[in-house]
Amino acid sequence: MDQHDLEERTAELQGKSLGGWGLLQIAGCTGLVTYAVWAGILMPGFRKVPLKLQVPYIPASSQQVENVMALLKGRSGKMVDLGSGDGRIVLEAYKRGFQPAIGYELNPWLVRLSNFYAWKAGYHRKVSYQRKDLWKVRLHDCVNISVFLAPSVLALLETKLLAELPDEARVIAGRFPLPTWAPSHIVGEGVNRAWAYDLRTVRQAAQNKPQESAV
């Protein structure tokens, strides 16, 4: 089809109503595109993970990133983002002095995207994005952790963090709070809210619970 034919066809379509069949075709194409994005970008990496542990990718907003950094203000050392998505929290953490700054993400496409953003920002090889299942990563030397995960996995995450993190660690949860831990600090509102949990305080509260029950 040459340019003249294309212009005629466009003019013809502009002069007609799409009708039910036309709308159905557009909807079908949109559905195919959505499925292609899911199958090609979001689905890889999930196939070997049990359904209850799968967490969909939703990028953090600039305000959510800022709230995480606010709750880590004055801290230093290793920073880890569990389920790092496109890597924006890790990148910002490195810019603010956290070293090493590491993101663990199972989806290979998101790991590539994270590295592209790091390269574009001039931080290639300064931050680390690793394709790993967050449930299999050992966290014994991590002191700053951020998590933006689905509520369905947060109870299991509490168990893992409590078993592995050192007392000086601080965990920042975004979008949804950890279900049974009491936060040390909270910033933000609505979907941008973030909660900070200090492991020493969490462990002390867990030790005091049996005593309180006995009284």
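I began with the lining of the largest pocket: helix α7 (residues 199-214) gives the largest share, five residues. I took helices (H or I, at least four residues) and strands (E, at least two) as DSSP runs, numbered from the N terminus. This is a predicted model, in which local features need pLDDT of at least 70 and side-chain atom pairs count only at pLDDT 80 or more, while totals for chains, interfaces and linings use all residues. Residues are numbered from 1 along each chain as its sequence is written, and side-chain values use heavy atoms, with hydrogens and water left out.

I listed the lining next: L162, T180, W181, A182, T201, V202, A205, A206 and K209. I sorted these into six nonpolar, two polar and one charged. Here Ala, Val, Leu, Ile, Met, Phe, Trp, Tyr, Cys and Pro count as nonpolar, Asp, Glu, Lys and Arg as charged, and the others, Gly among them, as polar. A pocket is an open set of points on a 1 Å grid over the protein atoms alone, where a 1.4 Å probe fits, with protein on both sides within 12 Å along at least five of seven lines; lining residues have an atom within 4 Å of a point. I noted about 180 Å³ of space in the largest pocket, a volume being the space filled by probe spheres set on the grid points, which are joined across faces, edges and corners.

I then turned to the sheet. It is open, with seven strands in the order β3-β2-β1-β4-β5-β7-β6 and mixed pairing; two strands pair if DSSP finds at least two bridges between them. β3 (128-130) and β6 stand at the edges with a single partner strand each, so one side of each has no neighbour in the sheet.

Buried means under 20% relative accessible area (1.4 Å probe, protein chains only). I checked both faces: A194, A196 and D198 cover one side, W195 and Y197 the other, and all are buried.

Strand β5 (residues 170-174) pairs with β7 in the antiparallel sense over five bridges, and A173 has W195 as its bridge partner. Strand β6 (residues 185-187) also pairs antiparallel with β7, over three bridges, with V187 partnered by A194. I recorded β6 and β7 as a hairpin with six residues between them, where G188 in the turn has a positive phi of about 85 degrees.

Notes. Buried means under 20% relative accessible area, exposed over 50%, partly exposed in between (1.4 Å probe, protein chains only).
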